[in-house]
Amino acid sequence: MMPNITRGGRVAGLLSYLVGEGRSNEHSNPHVVAGHDVMLQASPAGELSIDDALDLANLLDQPRKVFGTSIMVPVREWDDDLGQHVKVGEKEGHVWHASLSLNSGEGPLSDHQWQLIANDFVSEMGFVDVDGAESCRWVAVRHGLSKNGNDHIHIAVNLVREDGRRQPVHNDFQRSQEVVNGLEKKYGLVVLESREEEREGLRGYTPKEQARATRSNAPVIGRDELRRRLRAAAETSTSEREFLSKTRDSRLLVRPRFGKDDTTKVVGFSVALVPDIVDGKRENPAWFAPSKLDSNLGLGQLRDRWSSTPESEADALPVWIERGSATRAGELDVRERIKLETMSPESVRQLNAIANQIVVPDRQAGYDRYAAVHLSGAFAQASLYFEKDKHGPLAGASELFARQSQRAKYTSQDPQRRALQSAALGANAAYTARLVARATGADSVTGWTAVFKQLNRIGRAVEGAQRARGNLAAAAATATAVTRAVASFEAAVQKGTTARPARQVPVAPRARIHNNPTTNRGNDTGAGRD
C-alpha cells in the first residue's frame, strides 16, 4: 500500500474533485467510508453529490474559520545553480491530503476494511485525540478504482484542531511510510519489499542527474560517487578538521552553512563534485546536503561519531571559512588528483574493536547497525583505492551496509559506543597494536590484507546476527556482498594492484570553476582522475 501526501488550502476544491468525474472519468460512486464523528453524522449513506461535497467541506473547515487560525507552508522551486529546491514564497497549507493505494493485482477491499484502515492510519499519524479537544476533523472518501486499476481511498484532514491550535505534522512523509508498513502486516496486505527491508533505503537519483551523467560520459551517477567519497573521508577521519582535509584530498567541493546571524557556528554543509567542462566551460556544481545522501553523513552525526567538542569545532572553523570563501570565489580548492590511501590507524583500531565484540541479535539490531556504518566507510575507502573511477563489488558492499545502517545514531553517551571505545583499549591492546602496524605500514599488500581480514570478520558477524533474528534475506545479501568484495580484493592483489604504496600528489593550484577549462580533462567521478 502506497501513501501519497500533499498539502493545500482549498477544502472545497479537494472534496469537489473527489466526488467529480476525475481527470480520466475514472471516479465512480464516490462515498464516505470513515471520518471524524462530526463528518460521519453529516455524511449521506450513499453516493455523494457536489452539494454534499461542499457541505462536508464547510464542516471540515469549520475549526479554522471559527478560530481564524492560519497555517502557511513554503513554496519551493528547483534552483539549478544550487542543485536543490529553494523557498520562493508561501501558501495556505491547512488541508492535509493522503491517498492510500493498493497495487492493481491486490484487492479490491470492502468498505469496512477501508474503514478500519483509515481509522488506524489517522490515529497512528496523530490526528485523533481520545478526549476530542485536540483531534483534527477528517474524512475518507472512496470512489472506485483508478485508471490503472488501483483500489484506493482519499483522506482529507484539517490541520486546525478542534481547540483552534495547529496540528504538528513534522516528518509526515517518513512517518506515513512506517504507519503503512504496520497496516500492511496487520491487515494481511502485500508488504512493499523496498520498505520492508528495515526501511533502510537511500535516496535515488533524479532524471536530471541521469542526464548529467550521460552528457559527461560519467561511469557512475554523481550522488553515488559523492556517497562513496564522503563515507571514505568520514571513516578515515578522527576530527572535523581532518575530515575537511580528507574531502579536499577526495576532490570534493564543500561549502558550510552557518547558524542564523552567527558566522562562528557551522551547523551544516553542502558538498559537490568538481563539475565537468561542456563546450569549453565548466558547468555549475550540483550541490547536495550530505544527510540527504546518507543519514549517517550529516554534520551532527559525524560530530557524534568523532565525539566532537566545542574546542574541536572551533579548531575546524577557519578551514570551513576558507573552503566557503573559495567556493564563493568560484575556485577549485581541491587536489589535482584524488589522494589514494590505505586505512588510517584510528580506523583500523575501530574495526578491530568492532570485530572483537559479540554481535547480539537483539530486537533493535542496534549493534550490527553500528558495525554497518564502519563497514560502509571502510569498503568505500577500499573502493577508491582499488576500483578507481568504477563502482564494483567494493562499492556495492559499501552501499549495502550503508542501507543497513540508516537507523544507526551515534551519541557520545551511547553505551554501545562506549563499549567500542573500551574494547579498543582493553585486553586486546597488544594485538590491536600489531594489527595497526601491519595495516598502516609501507607495504600496502600487507596493510590491506590486515584490513580485509577484519572486514570479513565483521561482515560475517553481522550476517550471523541477521540470520539469528530470522532476517534471512538480509543475511544472504550481506554474505554475498562480503564474499564478492573479498574475492575482488584477492583478485586485485594477484594482479599487483597494491604492489607499491599510493603516490602522494601535491595540492593543485586553485582555478576558477567557470573560467578555466584546462584544469580538468574529463569527468570527475573517481580516484586518479583529473
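Select Trp-138 to begin: its bridge partner in strand E7 is Val-157. Strands here are DSSP runs of type E with at least two residues, while helices are H or I runs of at least four, all numbered from the N terminus. Now widen your selection to strand E6 (residues 138-142) and strand E7 (residues 152-158), which run antiparallel and are joined by 4 bridges. Two strands count as paired if DSSP finds at least two bridges between them.

A quick note on what you are viewing: this is a predicted model, where local features need pLDDT of at least 70, side-chain atom pairs count only at pLDDT 80 or more, and totals for chains, interfaces and linings use all residues. Residues are numbered from 1 along each chain as its sequence is written, and side-chain values use heavy atoms, leaving out hydrogens and water.

Next, show the open sheet of 5 strands, ordered E1-E5-E7-E6-E2 with antiparallel pairing. Strand E1 (2-8) and strand E2 (31-35) are at the edges; each has a single partner strand, so one side of each lacks a neighbour in the sheet.

Then move to helix H10 (residues 240-249). Is it mostly covered or mostly uncovered? Helix H10 is mostly covered, with 7 of its 10 residues buried (under 20% relative accessible area, with exposed over 50% and partly exposed in between; 1.4 Å probe, protein chains only). Among the buried ones, pick out Phe-243 and Leu-244. The cover over the buried residues of H10 includes helix H9 (222-235) and strand E8 (252-259).

Technical notes. Contact means heavy atoms within 4.5 Å.
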